[in-house]
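Here is my note for anyone opening this one up for the first time. Have a look at the sequence and the model, then read the points in order.

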Amino acid sequence: MPLPGVLAALPLPIIGAPLFIISNPKLVIEQCKAGVVGSMPALNARPAAQLDDWLAEITETLAAYNKANPDQPAAPFAINQIMHKSNDRLEHDMQMCAKYKVPIVITSLGARADVNDAVHAWGGVVLHDVINNFFARKAVEKGADGLVAVAAGAGGHAGVKSPFALIQEIREWFAGPVALSGAIATGSAVLAARAMGADFAYLGSAFVATEEARAVEGYKQMIVDSSSDDIVYSNLFTGVHGNYLKGSVRAAGLDPDNLPESDPSAMNFGGDSAKAWKDIWGCGQGIGAIKGVVPARELIARLRREYDEALDRLNKG
């Protein structure tokens, strides 16, 4: 199936994952200018009225860039919306997305047909993130255009399925756009995602360690200094299982190797949820490839070079 127009001509098959608290217009704009889809959660704009300003900044800056660079326009951007009932801003934030005709909306934690219909009404594309084939089917039934397959090893909220199993099962019945998330931090891993059947790689943790990211320096440096051995999988902090840096868990006075289970019914993704993420730092297992804090454009240039080199090796056999 052909990709939707907004996703059809990306110079590099990468979507920057929306990073709670961390993504901001500056990072999104630099990602898009460098040829990958930049994204951020609507909830990162605080207070809610700030989302209007941020969307204006992104759309106006990218429009000016495209006018000055008609032969190499920027990639489209995406806004992440949390569908969970604790998000009392959803209606307001969707109105802002409609005002600016956001090209891609990434939905999480519950698929809703009314939200999908609203995005389609202004010509946008909906990608819904899922951790298994059951939720993938539900999302498409409710009108999602594409899926983000969140496999084992992804930063923040993540599933436990091998990417091989998850992509294989989804591709048995779904021919639309699929992005793969889970421990991807090199260009060769991006190519591997494509080889498995995904259209795009979905990268988050690597972008935390960029100069534009709105993360404290200690968080960025901990990513540089850590490896997959330094990641813990727990549902303690939000009620949903996810991957976090052990160092941040220890700094909060907890033992990352002996964390209790949380009650999933206590999930909260409203305004208070930022408190957990401020001190407990989400991160995926691919961070061994991250060797320094660099500008986003430099990271993307490395990914592009590695992708081309991996493709060349493959073609040479």
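Is Asp312 buried, exposed or partly exposed? Asp312 counts as partly exposed, at 37% relative accessibility. (Buried means under 20% relative accessible area, exposed over 50%, and partly exposed in between, with a 1.4 Å probe and protein chains only.)

1. Before going on, some housekeeping. This is a predicted model, where local features need pLDDT of at least 70, side-chain atom pairs count only at pLDDT 80 or more, and totals for chains, interfaces and linings use all residues. Residues are numbered from 1 along each chain as its sequence is written, and side-chain values use heavy atoms, with hydrogens and water left out.

2. Back to Asp312. Its side chain meets that of Lys316 in a salt bridge, 3.2 Å from N to O. (A salt bridge here is a side-chain nitrogen of Lys or Arg within 4 Å of a carboxyl oxygen of Asp or Glu.) Both residues sit in helix H12 (residues 296-316), 4 residues apart, or about one turn of the helix. Lys316 counts as exposed, at 66% relative accessibility. (Helices are DSSP runs of H or I with at least four residues, strands are runs of E with at least two, and both are numbered from the N terminus.)

3. The structure holds 8 salt bridges. Another one of them joins the side chains of Glu217 and Lys220, at 3.8 Å from N to O. These two are 3 residues apart in helix H9 (residues 217-225), so about one helical turn separates them.

4. Arg112 is partly exposed at 34% relative accessibility, and Asp114 is partly exposed at 44%.

5. Next, the strands. Strand E5 (residues 125-130) has 5 of its 6 residues buried, so the rest of the structure largely encloses it. Strand E4 (residues 104-108) runs parallel to E5, and 4 bridges join them; Ile106 has Leu127 in E5 as its bridge partner. (Two strands pair if DSSP finds at least two bridges between them.)

6. E5 also pairs in the parallel sense with strand E6 (residues 146-150), over 4 bridges, and the bridge partner of Val130 in E6 is Ala149. From E5 the chain crosses through helix H5 (residues 133-141) to E6, in a right-handed β-α-β crossover. E4, helix H4 (residues 113-121) and E5 make a right-handed β-α-β unit too. (Right-handed means that, with the strands pointing away from the viewer, the path from the first strand over the helix to the second runs clockwise.)

7. The largest nonpolar core has 79 residues, and Phe77, Ile170 and Ile223 touch the most other members. (Such a core is a set of buried Ala, Val, Leu, Ile, Met, Phe, Trp, Tyr and Cys residues joined through side-chain atoms within 4.5 Å.) A second, separate core of 18 residues includes Ile15, Ala78, Ile104 and Phe200.

8. Lys246 is buried, with a relative accessible area of 15%. Leaving aside neighbours within four places in sequence, Lys246 is in contact (heavy atoms within 4.5 Å) with Asp229, Asp230, Ile231, Val232, Pro256 and Asp257.
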